[in-house]
Amino acid sequence: GVIVCGPADEPTPSRDSMRGLALSTGFPVLADPLSGIRWGGHVTASGVTVCGGYDGYLGAFDQYPDVIIRFGASPTSKSLRTYLSRAGQRGARQFIIDPAGGWREAEFTATDLVIAAETPLAAAISGRVNRKPGSFETDLMQLEHSYWRRVQEETRFIEGDVLADVAARIPDPATLFVSN
């Protein structure tokens with residue numbers, strides 16, 4: 001399985017309870033850039049894989065989880081939403097955890113809505129599950145680590161350099177609009 005942390009006003013569930021959930025289930029965490037979960041001490045803690053590079057490889061990953069536990073709003077990444085949709089088509093059960101009972105689902109592939117406070121629920125699950133990562137989780141975690149090793153090794157092209165180069169070359173005065 002996987003834990004998906006989508007956009008939220010604050011890290012949801014809390015970083016500590018998310019870390020406990022990931023460790024107890026053996027699930028890697030696919031963290032949206034707007035989740036508040038992608039970076040921090042909980043990422044560098046041993047035993048937890050927080051995936052932030054998935055846009056670079058998820059489209060080619062041909063394995064799918066059986067269980068998806070999702071917190072926060074629908075992910076902003078189209079490749080992640082597409083992957084979750086494909087997982088649903090292959091029978092994955094996708095649980096949306098939302099204390100307000102909102103069905104925040106862009107792809108309409110979630111199977112279950114759990115109305116509960118995210119942090120206490122993650123902590124409660126952590127206290128009842130003790131599972132090691134299986135082959136799916138291990139393969140996904142290895143792919144994430146390989147992706148970032150490759151990015152660090154690749155020194156010829158950095159996305160941010162493109163914007164810096166364009167900004168340096170445009171005439172003054174000029175307006176530069178940047179979008180995804």
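Mentor: A residue is called buried at under 20% relative accessible area, exposed at over 50%, and partly exposed in between, using a 1.4 Å probe and protein chains only. This is a predicted model, in which local features need pLDDT of at least 70 and side-chain atom pairs count only at pLDDT 80 or more, whereas totals for chains, interfaces and linings use all residues. Residues are numbered from 1 along each chain as its sequence is written, and side-chain values use heavy atoms, with hydrogens and water left out.

Trainee: In what order do the elements of the protein run from the N terminus on?

Mentor: Helices (H or I, at least four residues) and strands (E, at least two) are DSSP runs, numbered from the N terminus. The protein contains six helices and six strands. Read from the N terminus, the order is β-α-β-α-β-β-α-β-β-α-α-α.

Trainee: What is the order of the strands in the open sheet?

Mentor: Two strands pair if DSSP finds at least two bridges between them. In general, strands of a sheet pair through backbone hydrogen bonds, either parallel or antiparallel. Here the pairing is parallel, and the six strands of the open sheet have the order β3-β2-β1-β4-β5-β6.

Trainee: Which are the edge strands?

Mentor: An edge strand in this sheet pairs on one side only. That description applies to β3 (50-51) and β6 (112-114).

Trainee: Which residues stand opposite Val4 in β2 and in β4?

Mentor: Strand β1 is joined to β2 by three bridges and to β4 by four bridges, running parallel to β4. Val4 stands opposite Leu30 in β2. In β4, the residue opposite Val4 is Arg70.

Trainee: Are Val2, Ile3, Val4 and Cys5 of β1 buried or exposed?

Mentor: Val2 and Val4 point one way from β1, while Ile3 and Cys5 point the other way.

Trainee: How many residues of β4 are buried?

Mentor: Strand β4 pairs with β5 in the parallel sense over five bridges, with Gln94 of β5 as the bridge partner of Ile68. Strand β4 is mostly covered, and of its five residues the number buried is four.

Trainee: What is the bridge partner of Ile96 in β6?

Mentor: Strand β5 (residues 93-97) runs parallel to β6 and is joined to it by three bridges. The partner of Ile96 in β6 is Leu113.

Trainee: At what angle to β4 does helix α3 run?

Mentor: Helix α3 (residues 78-89) lies across β1 (2-5), β2 (29-31), β4 (67-71) and β5. Axes are lines fitted to C-alpha atoms, for helices over the stretch in contact (heavy atoms within 4.5 Å). Angles run from 0 to 180 degrees between N-to-C directions. For α3 and β4, the value is about 140 degrees.

Trainee: Why does Ala60 count as exposed?

Mentor: Ala60 is found in the loop between β3 and β4. Ala60 counts as exposed because its relative accessibility is 70%.

Trainee: What share of the residues of the protein count as buried?

Mentor: The C-alpha atoms fill a box of roughly 60 × 35 × 35 Å, taken along the principal axes. Of the 180 residues, the share that count as buried is 39%.
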